Amino acid sequence: MSAIVDLVWRQRAVLGEGPLWDHRDSSLTWLDIKGRRLHRLEAAGGRRSWTTPGLLACIGLHADGLIGACDRSLSTLHLSDGEPLTATRLTAAPPAPPQVRFNDGKIAPDGAFWVGTMDNDEAEDLGDWLRFTADGQVAVVDRGYRVTNGPAFDAPRQRAFVTDSARQTIFRLEGWSANACASKRPLRTFGREHGYPDGMTIDSEGRLWVAFWDGGCVRAIDPVSGDILEEVALPVSRPTSCVFGAADLSTLFVTSASVGVDGDEVLAGSLFAITGLSAHGCEAAVFG
């Protein structure tokens, strides 16, 4: 069976990002970072959206719902019917230049939340990887990125992956402890013809599934060789991230962006679903 791409939710997200499948209630939550919106697709097919209280860049699972990197703090998020989305600050990020903002992030198998930062103008290598833990600690675990993306964590094989999209490079780490970046090495640097590796996820076999900004596709990447194993074209030029979801974690949901694209690209910023893949995902970790 070949891959099938379906439009799930037509939006004009400025910077759609951060799709998160919650296995606890079979919902999919995703963001429009620069449009300052949070969208939720529920198990029964319902759709709800909230305006975010700040620049919410990435989200994860929390015992009480969701947690996210908003403005310069890690905060719990409160979503209620008919009420505004509110955030309760847990841990502030270390000081940074004013043009630095949060970008992508995920919760590691040990419950720590890895959050990347970046120069909002994408002009300088000001991005760090921060590691937030449930006891209120935050550590800078790596520095010198232009555009942080990922990460992706492979619990069975004790591997982690992070991306500097501007350098078109995916890096491999051994584990996800506070000093894991000491083992960092390039997995692959892509060419201009490929586009820019953006958000990514891991399947149950350890393969990386990566959205390629200006590549118009999602690619499966071998986690050892960096070879491209599979490619699925999308009807948008700027897919941004992906996550496996649905009942058997075999549907790959993909977010996209409309910023900087041609006005004729009518589906830019929408949410898509890819089925028919020979892959299944893994449940997301919970903070703490």
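Predicted model: local features only at pLDDT ≥ 70, side-chain atom pairs only at ≥ 80, totals over all residues.
Local features need pLDDT of at least 70, side-chain atom pairs count only at pLDDT 80 or more, and totals for chains, interfaces and linings use all residues. Residues are numbered from 1 along each chain as its sequence is written, and side-chain values use heavy atoms, with hydrogens and water left out.

Q: Which residues of the largest nonpolar core touch the most other members?
A: A nonpolar core is a set of buried Ala, Val, Leu, Ile, Met, Phe, Trp, Tyr and Cys residues joined through side-chain atoms within 4.5 Å. Buried means under 20% relative accessible area, exposed over 50%, partly exposed in between (1.4 Å probe, protein chains only). The largest such core has 18 residues. Those touching the most other members are I67, L74, F102, F113, V115, F132 and F287.

Q: Which elements give two or more residues to this core?
A: Elements here are DSSP runs, numbered from the N terminus: helices (H or I, at least four residues) and strands (E, at least two). Those that qualify are β6 (56-62), β7 (65-70), β10 (100-107), β11 (113-119) and β12 (127-132).

Q: Is E17 buried or exposed?
A: E17 sits in strand β2 (residues 16-22). Its relative accessibility is 3%, so E17 counts as buried.

Q: Which residues does E17 touch, not counting residues up to four places away in sequence?
A: Contact means heavy atoms within 4.5 Å. By that rule, E17 touches W30, L31, I33, D104, N149, D198, T240, S241 and T255.

Q: How far apart in space are E17 and I59, C-alpha to C-alpha?
A: In sequence, 42 residues separate E17 and I59. In space, C-alpha to C-alpha, the separation is 9.7 Å.

Q: What is the relative accessible area of D71?
A: D71 is not a glycine, yet has a positive phi of about 55 degrees. It lies in the loop between β7 and β8 (73-78). D71 is partly exposed, at 40%.

Q: Is Q168 buried or exposed?
A: Q168, also not a glycine, has a positive phi of about 55 degrees. Its place is the loop between β15 (159-164) and β16 (169-174). At 12% relative accessibility, Q168 is buried.
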